Amino acid sequence: MPMSDQRFFDLAMKAVAHQATDTERAELDALLARQPELRAEFARLQADTRLAREVLPLLNVTEATAPELPAWARGQLQTKVRETFGRRPAPERAAERDALGRLWNWLPEIAPSGPAGAAEGAAPGMFWKWRWVLGLAAATAVMALLVLPVVTRSAPPLIQVAMLDTAGATRGSDTNAWSLLRQSWEKATIDSFTDPQALHTWETNWPAPNKSPVVKVVFDPATGEVRLLGRWKGDSFAKTLLVEQNLATTLEQARSFIKDRTSR
Amino acid sequence: MLPDLHALQQGDADVWDEAFRWLWPVVLAVAQLKLQLYFPDEAEDVAIETLEELVPKVREVKTVEELRPLAASIAHHRAVSLLRERFAKKRGEGKTEPLDPGAGGEGSQHEPAANDSPLAELEQKELAERISQSLAELNPPQGEVLSDFYLHGLRYEEIARKHGLAVGSVGVYLQRGLAALRRIWGHDGEQL
């Protein structure tokens, strides 16, 4: 977006939110007088404001996590569950537990050398055989716990890089940014987007989970940010780094962060 | 950990307990949002009725994540219906006193907030879908920046400080956030 458009947007936003100073209001009025076509855009932003004030409170409360459900409401709600699903869930679960208990009790009959059999006076040799089986199973479990992390840690992260350039990718600074991204992640594919919506689709499109961590790196020149999104071992993480000194320094910070998160 | 959808669809009482605890804050907050001005005492009842209505609808959802937006949508419609009923009754009785000490009487500028809400015109399922889509598309900190600007009245500089952003990028976030809302909820509210 050209700087003058962004300036108009900022002035208009401040005006509709009654945050504009007298100077900013005068600047906006001058802009509207000079470019009457901006009046339609200003009217649209006013309509957007009404929409945002209606929708945002609903979105915010949809993520509420408190207070707790009052105890008195539980019975009424569970009655509805029973009416809807046509059975009495709690007793059924109790029946399942009873069935499991019966199965446990049958085990000595199926395998008389098991612990219950030993307790009831079975031959000592059979009892020791049973202990050997248990010991081997425990040793296998310990080996698996020791070896698995080593195997999984060795997989390098899959890095995907994207750049959002709403002004078009022809300026010198963008070429420079592209080179820096390429230097930082030589093996990664680097995608360029001019549409934030297309970038959003890219950000939410993850490869199928495998042994490697997956990290998406997004450079947004307009906001001066490098965003990191990662997924590994069923967990996800996100980090936003501001380009404060220069892009090269921020990309180095990003590399360190990725290394730290994916080597845990 | 989210409740297991399959267990909910089987009517597992324990998992439903878990789901009710998870959804309660949402439905209560939505009911309070609509009713706090006129009928704050009704919010809890609306929240309970919402969860009761949600129980059979669990068969229609494909993922457990759909339940929160759906619950919010049901609560919103129930609260708006209650407001409409009560206002209609008041009008029928010819009462003119204010509905609460801080507001005007019925027919005042406050009543249309219940009746003319563009969200109220959306079907329950459509509203749930739009809520769900908005939550998915407003990437952090886009939603927070919009709320801070529109709902909390923070200035660009305050928003930048709060979220660790450059002041110049606050406008960019606002612009993208508004574009997303416009795309999802309809241009200038016309599709609402």
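In this predicted model, helix H2 of chain A covers residues 22–34, a run of 13 residues. From its first C-alpha to its last, H2(A) reaches 18 Å, close to the 18 Å expected at 1.5 Å a residue. The number of buried residues among the 13 of H2(A) is 1, so this helix lies largely in the open.

Chains A and B touch each other, with 48 residues of chain A in contact with 54 residues of chain B. On the chain B side, at least two residues each are supplied by helices H2 (13–35), H3 (43–57), H4 (67–92), H6 (124–137), H7 (142–150) and H9 (167–185). H2(B) provides the largest share of this side, with 12 residues. By class, the residues of chain B that touch chain A comprise 31 nonpolar, 12 polar and 11 charged.

Two of the helices that contribute to this side, H6(B) and H9(B), also pack against each other, at an angle of about 155° and with their axes 10 Å apart. Because angles over 145 degrees count as roughly antiparallel, H6(B) is roughly antiparallel to H9(B). Their crossing is right-handed. From H6(B), the residues B:Arg130, B:Gln133, B:Ser134 and B:Glu137 take part in the contact, and they meet B:Ala180, B:Leu181, B:Ile184 and B:Trp185 of H9(B). This contact between H6(B) and H9(B) has 4 nonpolar, 2 polar and 2 charged residues. In an α-helix there are 3.6 residues a turn, so residues three or four places apart point the same way.

How values were computed: Residues numbered from 1 in each chain as written. Chains lettered and ligands numbered in written order. Predicted model: local features only at pLDDT ≥ 70, side-chain atom pairs only at ≥ 80, totals over all residues. Contact = placed C-beta atoms within 7 Å. Helix = DSSP H or I, 4+ residues; strand = E, 2+ residues; numbered from the N terminus. Nonpolar A, V, L, I, M, F, W, Y, C, P; charged D, E, K, R; others polar. Axes fitted to C-alpha atoms, helices over the stretch in contact; angles between N-to-C directions. Parallel < 35°, antiparallel > 145°, perpendicular 65-115°, else oblique. Left-handed = near helix turned anticlockwise from the far one by under 90°. Expected span 1.5 Å × (residues − 1). Buried ≥ 20, exposed ≤ 12 C-beta atoms within 10 Å, placed from the backbone.
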